[in-house]
Each structure stands twice: as structure tokens, then as C-alpha cells.
Amino acid sequence: MEKAQETLQAWKGRVEQELDRVMAFWLEHSHDHEHGGFFSCLGRGGQLYDDLKYVWLQGRQVWMYCHLYRKLERFRRPELLEAAKAGGEFLLRFARVAPPGQKCAFVLTRAGSPVKVQRTIFSECFYTMAMDELWKVTGDARYQGEALDMMAQIVHWVQEDPAGLGRSQLAGTPASEPMAIPMMLLGLVEQLGEEDEGLARHYAELGDWCAHRILQHVQRDGQAVLENISEDGRELPGCLGRHQNPGHALEAGWFLLRYALRKGDPALRAHVIDKFLLLPFRSGWDPEHGGLFYFQDADGLCPTQLEWSMKLWWPHSEAMVAFLMGYSDSGDPVLLRLFSQVAEYTFRQVASTSRGAWLCARRC
């Protein structure tokens with residue numbers, strides 16, 4: 001136990017130092033003081049190489065600034081809150097393609113004109129997260145109203161009628177459910193219900209639905225987490241059905257751990273650790289060079305995605321969160337060891353080569 005505490009304290013110091021470096025980078029280089037919002041296409045030295053603005057990244061940056069401001073004393077700085085509010089106002093003015101319609105753009109010009117729309121819910125999900133965190137730190141009811149209205153629209157698209165997404169259902173298209181849909185909704189359920197018992201009760205049934213749908217992605221007698229399944233919970237044929245995303249499985253794992261903690265369900269916690277943490281990590285970790293592969297094929301065939309073998313930063317971040325959360329809940333030393341394994345790789349290959357801007361991807 002003493003050794004584990006030493007390990008945790010050492011990593012706490014390294015993560016705090018890296019967080020300060022990352023925040024300094026984005027505070028210095030990402031703010032658009034002329035048009036509002038944030039730049040995200042930045043080189044390692046902070047140079048801007050494209051001024052397009054991606055709505056889900058705008059939402060995530062607003063959320064992150066607000067969350068740090070709310071949770072950590074050293075980030076309770078006026079300039080951080082003002083930047084978050086400016087980003088939120090940019091989203092309010094420009095995120096929707098055709099107000100009062102709720103569909104958000106995927107990409108905007110620097111000045112806020114829509115460039116591209118995706119037929120998914122993800123821009124809207126990150127818009128909701130941003131607005132809810134702004135409400136939590138400012139108390140401005142406009143932001144909460146925006147979050148709840150968008151959440152209602154997302155649930156309508158997912159559970160009732162997806163027509164508003166603009167996605168045509170062609171005769172040959174298999175009716176499938178990607179794991180990202182219930183996973184993101186489960187995250188929103190927790191976000192909106194945090195510190196609000198009324199909203200937590202309101203979304204409880206939706207949370208149960210999301211968890212059930214995610215758990216159905218454990219297929220092949222519990223030996224594989226598949227990214228896409230049929231709407232009735234079965235494996236799909238072909239490459240679509242065999243597709244695996246280790247980072248997504250690990251991300252879903254820590255969402256489910258939070259859900260199991262709220263439900264007070266230790267059996268579910270153990271199942272999630274086994275199937276959504278250990279299983280995808282063991283299949284997705286590169287035994288030769290280390291790191292998590294981006295995509296895999298459940299039958300060991302070559303994935304159709306050409307970038308399948310790349311090691312992106314975000315699956316490793318999700319893995320660190322998942323293993324540390326799993327260790328915190330269970331005390332299993334195996335999970336702490338796996339956290340350290342992933343963290344060592346990540347800090348060596350991604351963080352140590354940057355000046356606060358993590359590398360997007362590596363080949364090894």
C-alpha cells in the first residue's frame with residue numbers, strides 16, 4: 001500500500017506539471033481575440049496552420065476551462081473564465097447551421113460561417129457539455145436552458161426520429177448502432193445530473209438505457225468489444241461488424257465505471273473492468289513497440305482503415321483515466337500497474353516531445 005501511494009503521488013506531480021504546460025500553451029496560442037472562439041490547428045510552436053474552427057473542439061475547450069475553474073483552486077483565474085464565456089458566446093452565435101433549428105455545424109470559418117455538417121450527434125453533444133459547465137460556473141440560466149434544449153433534441157434524434165440529422169437510410173445500409181452514441185449520451189446524463197438531484201432523477205432511465213446498449217457491444221461470448229452492432233444487439237457481418245476501437249472501449253469503460261458507482265453495483269464494476277478495461281487493452285496494446293493501436297479487426301485481419309496502426313494521444317489518455325478510476329474503485333494493483341505502463345509510454349512518446357501541445361499520433 002505504501003508503494004502504491006508513492007507511485008500515485010509521483011504521477012500526481014508529473015500530471016500537474018504537464019497540465020500546467022498544456023494550459024499555458026492553449027491560453028497563449030489558441031484564443032481568437034478578433035472573432036471569438038478558439039484556434040485548434042496549431043503547430044508544436046503554437047503557429048496557426050489553419051483557422052477553421054471545429055464545433056466539438058470549441059465545446060470541449062469551453063468545458064475544460066470551466067471544469068478546471070470549478071474544480072481546481074489554482075485555475076480559478078478571471079482570465080480563464082472570461083475566455084470560456086467568450087467561447088460559449090461564439091458557440092451561441094454560430095454553432096447552429098440554421099437557427100432556430102438545433103443541428104450544429106461540424107466546421108466553421110474563423111468568423112463563424114458554416115463549412116461542413118456531419119450527420120451525427122457529436123457537435124451537439126459537446127455543445128451541450130459546454131453550455132452546462134458554463135451554467136455551473138456562472139449561474140447564467142441562459143446556458144442551462146441551451147444545454148437542456150439541446151439534450152432534448154439529441155435524445156429525440158437517437159431514440160425517436162433521426163431524420164433531422166439528414167442521414168438517408170438507403171436500402172442496402174445495415175441498421176447498426178455505433179458504441180459512441182450511447183456512450184456519449186451516458187456522459188451527458190452524468191454531466192447534466194451532477195450536483196442536481198432533480199435532473200439526475202429525470203435522466204436516470206435514459207442512463208440505464210445507455211448502459212444497457214453499451215454493454216451489448218460485448219460480443220463473441222464475452223471475448224470481444226465490437227464498435228458496431230445491430231440495433232437488436234447482434235454482431236454485424238463483414239468489416240463493419242468486426243471493427244474494434246480499443247480507445248473507445250476503454251473510454252466506454254470509465255463511463256460505465258462512473259455509472260456503476262452511482263448505482264452502487266460492485267458486480268457491474270467487476271464486469272466492466274474485465275470486459276471494457278482489461279480485454280481491449282490486452283488485444284489493443286502493441287507488444288513490440290508499446291502503445292495502443294487505433295483500430296483492430298476482431299478476426300485479426302487487416303482493418304480497412306489505413307491509419308489503423310497509428311498511436312493517437314487520446315486512446316492513451318482514456319486508458320490512463322480508465323485504469324486509475326478502476327484502481328480507485330477496486331484497489332486492484334494490476335490496474336495501477338497498467339496505468340503506469342500506459343502513462344510511461346504516453347509521457348515518453350507524446351508529452352515529452354511537446355511544448356505543451358501533445359503530438360496527435362505516432363507510428364510506434
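Colleague: Which residues is Leu 277 in contact with, leaving aside its neighbours within four places in sequence?
Modeller: In this predicted model, and with those sequence neighbours left aside, Leu 277 is in contact with Leu 250, Gly 253, Leu 257, Val 272, Ala 322 and Phe 323.

Colleague: And how many residues has the largest nonpolar core, and which have the most contacts inside it?
Modeller: That core has 90 residues, and those with the most contacts inside it are Leu 277 itself together with Met 151, Phe 276 and Phe 323.

Colleague: Changing topic, how many disulfides does a search of the whole structure find?
Modeller: The search finds zero disulfides.

Colleague: What about Cys 239, and how far away is the nearest cysteine sulfur?
Modeller: Cys 239 is in no disulfide either, since the nearest cysteine sulfur, in Cys 302, is 9.4 Å away. Cys 239 is partly exposed, with a relative accessible area of 40%.

Colleague: Where is His 217, and is it buried or exposed?
Modeller: His 217 is found in the loop between α8 (204-215) and β7 (218-219), and it counts as buried at 0% relative accessibility. Leaving aside neighbours within four places in sequence, its contacts include Glu 177, Pro 178 and Met 179, as well as Ala 224, Leu 226 and Ile 229.

Colleague: And Gln 219, where does that lie?
Modeller: Gln 219 lies in strand β7 and counts as buried at 11% relative accessibility.

Colleague: Which residue has a positive phi although it is not a glycine?
Modeller: Arg 220 has a positive phi of about 55 degrees, and Asp 221, also a residue other than glycine, has a positive phi near 55 degrees. Most residues other than glycine have a negative phi. Arg 220 is in the loop between β7 and β8 (224-225), and Asp 221 lies in the loop between β7 and β8 as well.

Colleague: Are those two buried or exposed?
Modeller: Arg 220 is partly exposed, with a relative accessible area of 28%, whereas Asp 221 is exposed, with a relative accessible area of 80%.

Colleague: Last one, which residues does a cis peptide bond join?
Modeller: A cis peptide bond joins Pro 99 and Pro 100, with omega about 10 degrees, and Pro 100 lies in the loop between α3 (78-94) and β4 (107-108).

Methods: Residues are numbered from 1 along each chain as its sequence is written. This is a predicted model: local features need pLDDT of at least 70, side-chain atom pairs count only at pLDDT 80 or more; totals for chains, interfaces and linings use all residues. Side-chain values use heavy atoms; hydrogens and water are left out. A nonpolar core is a set of buried Ala, Val, Leu, Ile, Met, Phe, Trp, Tyr and Cys residues joined through side-chain atoms within 4.5 Å. Buried means under 20% relative accessible area, exposed over 50%, partly exposed in between (1.4 Å probe, protein chains only). Contact means heavy atoms within 4.5 Å. A disulfide is a pair of cysteine sulfur atoms within 2.5 Å. Helices (H or I, at least four residues) and strands (E, at least two) are DSSP runs, numbered from the N terminus.
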